[in-house]
Amino acid sequence: MERVAILALQGAFAEHQQMLQRLGAETVLIRNLEDWNGFLPVGGDGVGMSGLVIPGGESTAMMRIIRDEALFEPVRETILSGMPVFGTCAGLIMLDGGHLDTMDIKVRRNAYGRQLGSFHTVSEFRGIGPVPMTFIRAPYIESVSDGVEVLSVVDGHIVAAQQGNQLVTAFHPELDGDTRIHEYFLSMMGRM
């Protein structure tokens, strides 16, 4: 059974937990360093871990909490060691160069404006097909390095990408009934 840690500092972590449990994955909510250390396998190097979800929410608040709870370095090091991670919306921002700095992307925060700029669409996701996409105060990816695969583009903006073991979406797949993007992430964990 897949074992997925969900960073539950703030934001839409419960929706990810429900989606992953619906797919049969075991989930663990991470709120502090004690939770993180309890999730790590013996040795603490991330080997044997299934994956981590960093949900949408407010990236500034999440960064403050991740530092206050002494999670910044352990989470960053484990991702860089190869643990699969899935970041949605603020979780995408958390992985860029100005934050955890694990993914070679440049992100534009609140790219679609405030809450009133939120929208829903259906668009192509490479390897999956058309998927529903809910954007809430969403970012988009302005640019990627050569090692980053673009998975989805909406209105000329990159809204989903993958770099090795890291998957990001600017939208919230956990808010729609379609499970295919979470299934894609679980399949990434199975390949590690």
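Analyst: Start at Cys89. Cys89 sits in the loop between strand S4 (85-88) and helix H5 (90-94). Note first that this is a predicted model. Is Cys89 buried or exposed? Cys89 counts as buried, because its relative accessibility is 4% and the cut-off for buried is under 20%. Its backbone also deserves a look. Phi of Cys89 is near 55°, a positive value in a residue other than glycine.

Now turn to the space beside this loop. The largest pocket holds about 200 Å³. It is lined by 16 residues, and those closest to its centre are Gly57, Glu58, Cys89, Ile136 and Arg137. So Cys89 belongs to the group closest to the pocket centre, and Cys89 is also a buried residue, because its relative accessibility is 4%.

Ala70 is found in the loop between H3 and helix H4 (72-80). Cys89, in contrast, counts as buried.

Asp68 pairs with Arg64, with the closest N and O atoms 3.5 Å apart. Both residues lie in helix H3 (residues 59-68), 4 residues apart, about one turn of the helix. Asp68 is exposed, with a relative accessible area of 55%.

How many salt bridges does a search of the whole structure find? The search finds 7. Another of them joins Glu142 and Lys106, whose closest N and O atoms are 3.9 Å apart. Glu142 lies in strand S8 (residues 140-144) and Lys106 in strand S5 (residues 105-108), so this pair ties together parts that are 36 residues apart in sequence. Glu142 counts as partly exposed, at 39% relative accessibility.

Arg180 pairs with Asp178, and the closest N and O atoms are 2.7 Å apart. Arg180 is partly exposed, with a relative accessible area of 28%. Asp178 is partly exposed as well, at 21%. Thr179 lies in the loop between strand S11 (166-169) and helix H6 (180-191). Is Thr179 buried or exposed? Thr179 is buried, because its relative accessible area is 13% and buried means under 20%. Leaving out residues up to four places away in sequence, Thr179 touches Met19, Arg22 and Leu23.

Arg180 has other partners too. Ile128 is in contact with Arg180, Ile181 and Tyr184, leaving aside its neighbours within four places in sequence. Ile128 has its place in the loop between strand S6 (119-125) and strand S7 (129-135). From Ile128 to Ala160 is 12 Å, C-alpha to C-alpha, and 32 residues in sequence.

Pro130 is found in strand S7. Pro130 touches Val122, Ser123, Glu124 and Arg180, not counting residues up to four places away in sequence. Pro130 is partly exposed, with a relative accessible area of 48%. Gly57, one of the residues closest to the centre of the largest pocket, is 25 Å from Pro130, C-alpha to C-alpha. In sequence, Pro130 and Gly57 are 73 residues apart.

A search of the whole structure finds 1 cavity of 30 Å³ or more. The largest cavity holds about 30 Å³. Which residues line the largest cavity? They are Val131, Pro132, Pro173, Asp176, Asp178 and Ile181. This lining divides into 4 nonpolar, no polar and 2 charged residues. Two names return here: Asp178 takes part in the salt bridge with Arg180, and Ile181 is in contact with Ile128.

Last, the confidence of the prediction. The mean pLDDT of the protein chain is 91, and 91% of its residues reach 70 or more. Residues 42-48 fall below 50. Beyond near neighbours in sequence, that stretch has 5 contacts in the model.

Conventions
Residues are numbered from 1 along each chain as its sequence is written. This is a predicted model: local features need pLDDT of at least 70, side-chain atom pairs count only at pLDDT 80 or more; totals for chains, interfaces and linings use all residues. Side-chain values use heavy atoms; hydrogens and water are left out. A salt bridge is a side-chain nitrogen of Lys or Arg within 4 Å of a carboxyl oxygen of Asp or Glu. Helices (H or I, at least four residues) and strands (E, at least two) are DSSP runs, numbered from the N terminus. Buried means under 20% relative accessible area, exposed over 50%, partly exposed in between (1.4 Å probe, protein chains only). On a 1 Å grid over the protein atoms alone, a cavity is a set of points where a 1.4 Å probe fits but cannot get out, and a pocket is an open set with protein on both sides within 12 Å along at least five of seven lines; lining residues have an atom within 4 Å of a point. Grid points are joined across faces, edges and corners, and a volume is the space filled by probe spheres set on the points. pLDDT is the predictor's confidence in each residue, from 0 to 100. Contact means heavy atoms within 4.5 Å. Ala, Val, Leu, Ile, Met, Phe, Trp, Tyr, Cys and Pro count as nonpolar, Asp, Glu, Lys and Arg as charged, and the others, Gly among them, as polar.
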